[in-house]
Amino acid sequence: MQNYQPNYDQAPYVPKPDNNLVMAIICTACCCLPAGIYAIVRANDVNSLHAMGKYAEAQKAANDAKKWSLIGMAASAVIGVLYGIFYLVVILIAANS
């Protein structure tokens, strides 16, 4: 009777998802600090989770990093537009008085 030894070298290769670290850093540096920091933390989790074989968690971390980077950029754009409108209103009020 032979002992069955599984061959772990033949495991299917699961590609590492893009961790979106560059987008998270740009969001942190240019846009929204709190959302960007969280995105950086989640982007850093992608590599370690993938190395541990937690492929679903690694993909979720990559998706979270992208989501929070986009949320930070969108929030920054909305605040920028609102600031521009406020600045324009103040200039118009000052010019009319």
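1. Range of contacts. Among contacts in the protein between residues at least 6 apart in sequence, 62% join residues that are at least 24 apart; a contact here means heavy atoms within 4.5 Å.

2. Basis of the note. The structure is a predicted model, in which local features need pLDDT of at least 70 and side-chain atom pairs count only at pLDDT 80 or more, while totals for chains, interfaces and linings use all residues. Residues are numbered from 1 along each chain as its sequence is written, and side-chain values use heavy atoms, with hydrogens and water left out.

3. Secondary structure. The protein has 3 helices and 0 strands, and from the N terminus its elements follow the order α-α-α. Helices (H or I, at least four residues) and strands (E, at least two) are DSSP runs, numbered from the N terminus.

4. Surface and burial. The accessible surface of the protein is about 7300 Å², and 67% of it belongs to carbon and sulfur atoms. Such areas come from the Shrake-Rupley method with a 1.4 Å probe; for residues, only the protein chains shown count as cover. Of the 97 residues in the protein, 22% are buried. Buried means under 20% relative accessible area, exposed over 50%, and partly exposed in between (1.4 Å probe, protein chains only).

5. Helix α3. This helix covers residues 55-96, 42 residues in total, and reaches 62 Å from its first C-alpha to its last, close to the 62 Å expected at 1.5 Å a residue. The expected span is 1.5 Å times one less than the number of residues. Its buried residues are Ala58, Ala61, Ala62, Asp64, Ala65, Ser69 and Gly72. The buried residues of α3 pack against α1 (21-31) and α2 (33-51).

6. Nonpolar core. Which residues form the largest nonpolar core? They are Val46, Leu49, Ala58, Ala61 and Ala62, 5 residues in all. Helices α2 and α3 each supply at least two residues of this core, and the largest share, 3 residues, comes from α3. A nonpolar core is a set of buried Ala, Val, Leu, Ile, Met, Phe, Trp, Tyr and Cys residues joined through side-chain atoms within 4.5 Å. Leaving aside neighbours within four places in sequence, Leu49 is in contact with Lys54, Glu57, Ala58 and Ala61.

7. His50. This residue is found in helix α2. Why does His50 count as buried? His50 counts as buried because its relative accessibility is 14%. The His50 side chain reaches the backbone oxygen of Val14 at 2.8 Å. Beyond neighbours within four places in sequence, the contacts of His50 are Val14, Pro15, Lys16, Pro17, Tyr55 and Ala58.

Methods: A polar contact is a pair of N or O atoms within 3.5 Å; within protein, one must be able to donate a hydrogen and the other to accept it, and residues adjacent in sequence count only if both atoms are side-chain atoms.
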